[in-house]
Amino acid sequence: MGNRCSSDKWRNPDFRLEWTSQFKTTLNKEIKNIPMHGINKPCIMLAGPVSAGKSSLVNTFLSAESTRLIRKADSGSDTRSVTTAFMRYDSVAVRGRFRLCDTMGILADKLTGLHPVDMSLLMKGHIRAGYKFQEDSHISEEDEHYIKNPSDLERSHCFAIVFPCTQVENISSDYKNKIVNAIRAARVQNIPTVIVLTKIDKLCTNVMKSVQKVFTCSHIRDIVKMAEEIFGVPEMYIFPVVNYSTQQINDVSTDIIALLTLKKILEFTSDHIEGPEQE
Ligand SMILES: Nc1nc2c(ncn2[C@@H]2O[C@H](COP(=O)(O)OP(=O)(O)OP(=O)(O)O)[C@@H](O)[C@H]2O)c(=O)[nH]1
Ligand SMILES: [Mg+2]
């Protein structure tokens, strides 16, 4: 881990960006006001490798809306996914504003981890929350958690790939293929895709000490550009974040990075729900 920060910003996520609690409050108000065009609880589906930080991201987003750290999703390090069931979490600040959908981790080898069929069915809304994923097979249509005719509320309105920024440079072709195929499946279903790059604190010593340095760290910029090339998702839809992992109390900069990301994701989701103008 090194330090490649300069005084130049590689991204300006908001022209008002100030690392203050007032700005956190403003962002939270703006998030509450994003129109969802009749969809009561749009679903942001999170998917990505085992230990990428999907469940931690749920907790970080929920904490950033709050004055204290929220730990609803179980997180931890293992070679197998800690999250074994499909879980949905309501936003904290305004119940029903949006839902975060947490899934079992993808594994590089072909036969285990989140099954590509389950991934596609989750996007279409065919799987009920609480479904316990099978390690080596997908849900059957006879399963009590299978929804035959999902409503608009059950499908995914945004697909967020969660990927550790520390693994972008040496991603294996198996992982790459599984993720690129998932992105293609989302595209076929016209679901907007974003990438959230976690663990930026592990990439740069300066960012580890002060997460405010995120937009001045050229190493993080390079990783974002690399992720654009690998996954074929435009840079503007790629967001570096740091999740709460060891802290006990909210850190305003961590909350602001999370809220800037959440706001963009919800704006893209809102645009997608609104769709093109109808003749
Ligand atoms: N330093 C650091 N650690 C993180 C970050 N995000 C997650 N972690 C840690 O990474 C480990 C895995 O995090 P999880 O949130 O459980 O990952 P997951 O993607 O839900 O993993 P599975 O459910 O097992 O697929 C935990 O020990 C977290 O504390 C981050 O941004 N920085
Ligand atoms: Mg998890």
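Is Thr83 buried or exposed? At 10% relative accessibility, Thr83 counts as buried, where buried means under 20% relative accessible area, exposed over 50%, and partly exposed in between (1.4 Å probe, protein chains only). The model is predicted: local features need pLDDT of at least 70, side-chain atom pairs count only at pLDDT 80 or more, and totals for chains, interfaces and linings use all residues. Residues are numbered from 1 along each chain as its sequence is written, chains are lettered from A and ligands numbered from 1 in the order in which they are written, and side-chain values use heavy atoms, with hydrogens and water left out.

**Thr83 and helix H2**

Thr83 is in the loop between H2 and strand E2 (87–90); helices (H or I, at least four residues) and strands (E, at least two) are DSSP runs, numbered from the N terminus. The side chain of Thr83 makes a polar contact of 2.8 Å with the side chain of Ser55. A polar contact is a pair of N or O atoms within 3.5 Å; within protein, one must be able to donate a hydrogen and the other to accept it, and residues adjacent in sequence count only if both atoms are side-chain atoms.

Ser55 is one of the buried residues of H2, which also include Lys54, Ser56 and Phe61.

**Ligand 1**

Ligand 1 is surrounded by 21 residues, and the closest are Lys54, Ser56, Val82, Asp201 and Asn243. A residue is counted here if one of its heavy atoms lies within 4 Å of the ligand. By class, this shell has five nonpolar, 12 polar and four charged residues. Ala, Val, Leu, Ile, Met, Phe, Trp, Tyr, Cys and Pro count as nonpolar, Asp, Glu, Lys and Arg as charged, and the others, Gly among them, as polar.

Oxygen atoms of ligand 1 lie 2.9 Å from a backbone N or O atom of Gly53, 2.9 Å from an N or O atom in the side chain of Ser81, and 2.8 Å from a polar backbone atom of Asn243. Taken alone, ligand 1 exposes 650 Å², of which the protein buries 92%; accessible areas come from the Shrake-Rupley method with a 1.4 Å probe, and for residues only the protein chains shown count as cover.

**Loop residues**

| Residue | Relative accessible area | Class |
|---|---|---|
| His37 | 36% | partly exposed |
| Ser51 | 30% | partly exposed |
| Ser210 | 26% | partly exposed |

His37 is in the loop between H1 and strand E1 (43–47), and its phi is near 50°, a positive value in a residue other than glycine. Ser51 lies in the loop between E1 and H2; phi of Ser51 is near 70°, again positive in a residue other than glycine.

Ser210 is placed in the loop between helix H5 (205–209) and helix H6 (218–231). Ser210 and Ser253 are 43 residues apart in sequence, with their C-alpha atoms 8.2 Å apart in space.

**Phe23**

Phe23 belongs to helix H1 (residues 21–32) and, at 6% relative accessibility, counts as buried. Its C-alpha atom is separated by 24 Å from that of Ile195, which is 172 residues away along the chain.
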